[in-house]
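User: Hey, I'm new to this one. Can you walk me through it?

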Amino acid sequence: MDQRLRAYADKIVASSIRAVQPDGAVRRALTGQEFPGRVLLVAAGKAAWQMAKAASDALGSRIEKGVVVTKYDHVMGPIANFDCFEAGHPVPDENSFKGTQAALD
């Protein structure tokens, strides 16, 4: 294969992957948005921490409270105003229920 074509293809693939990363997508969706009233955020799933962090970066102190429920070893640090729960995946465990209750509360 022509090396130039391979290099172009690699750039296209890398750019496409960056464009659909959950944190980037959330950041683009929320930056510059205004939300009247209280802002409460719940993020659940394997990419929940990344998405919640991006939302926090975009909205800052406008987020009054947040809850993250994600797979074990997916919380990469604290997020201001968020409670983060690592829990069983794909089979829920006790921490899954604790995180769910925190989100409902």
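This is a predicted model: local features need pLDDT of at least 70, side-chain atom pairs count only at pLDDT 80 or more; totals for chains, interfaces and linings use all residues.

User: What counts as a strand or a helix here?

Analyst: They are DSSP runs, numbered from the N terminus: helices are H or I with at least four residues, strands are E with at least two.

User: Is Thr 70 buried or exposed?

Analyst: Thr 70 counts as buried because its relative accessibility is 4%. Buried means under 20% relative accessible area, exposed over 50%, and partly exposed in between, using a 1.4 Å probe and protein chains only.

User: What is Thr 70 in contact with?

Analyst: Leaving aside neighbours within four places in sequence, Thr 70 is in contact with Gly 45, Lys 46, Ala 48, Val 75, Phe 85, Glu 86 and Ala 87. Contact means heavy atoms within 4.5 Å.

User: Which strands does strand 2 pair with, and how do they run?

Analyst: Strand 1 (residues 40–44) is joined to strand 2 by 5 bridges, and the two run parallel. Strand 3 (residues 82–87) also runs parallel to strand 2, with 6 bridges joining them. Two strands pair if DSSP finds at least two bridges between them.

User: Who stands opposite whom?

Analyst: Leu 40 stands opposite Lys 65 in strand 2. Towards strand 3, Gly 66 has Phe 82 as its bridge partner.

User: What do strand 1, helix 3 and strand 2 make together?

Analyst: A right-handed β-α-β unit, with helix 3 spanning residues 48–59. Right-handed means that, with the strands pointing away from the viewer, the path from the first strand over the helix to the second runs clockwise.

User: Switching topic: how many residues does the largest nonpolar core have?

Analyst: It has 16 residues, and those with the most contacts inside it are Leu 41, Ala 52, Ile 63, Val 68 and Phe 82. The largest share, 7 residues, comes from helix 3. A nonpolar core is a set of buried Ala, Val, Leu, Ile, Met, Phe, Trp, Tyr and Cys residues joined through side-chain atoms within 4.5 Å.

User: What does Leu 41 touch?

Analyst: Not counting residues up to four places away in sequence, Leu 41 touches Ala 52, Ala 55, Ile 63, Lys 65, Gly 66, Val 67 and Phe 82.

User: Now helix 2. Which residues are buried there?

Analyst: In helix 2 (residues 22–30), the buried ones are Gly 24, Val 26 and Leu 30. They sit on the same side of helix 2 because they cover an arc of only 165° around the axis, taken from the directions from the helix axis to the C-beta atoms. What covers them includes helix 3.

User: Where is Glu 34?

Analyst: In the loop between helix 2 and strand 1. Glu 34 counts as exposed, as its relative accessibility is 61%. A polar contact of 3.5 Å joins the side chains of Glu 34 and Arg 62. A polar contact is a pair of N or O atoms within 3.5 Å; within protein, one must be able to donate a hydrogen and the other to accept it, and residues adjacent in sequence count only if both atoms are side-chain atoms.

Key
Residues are numbered from 1 along each chain as its sequence is written. Side-chain values use heavy atoms; hydrogens and water are left out.
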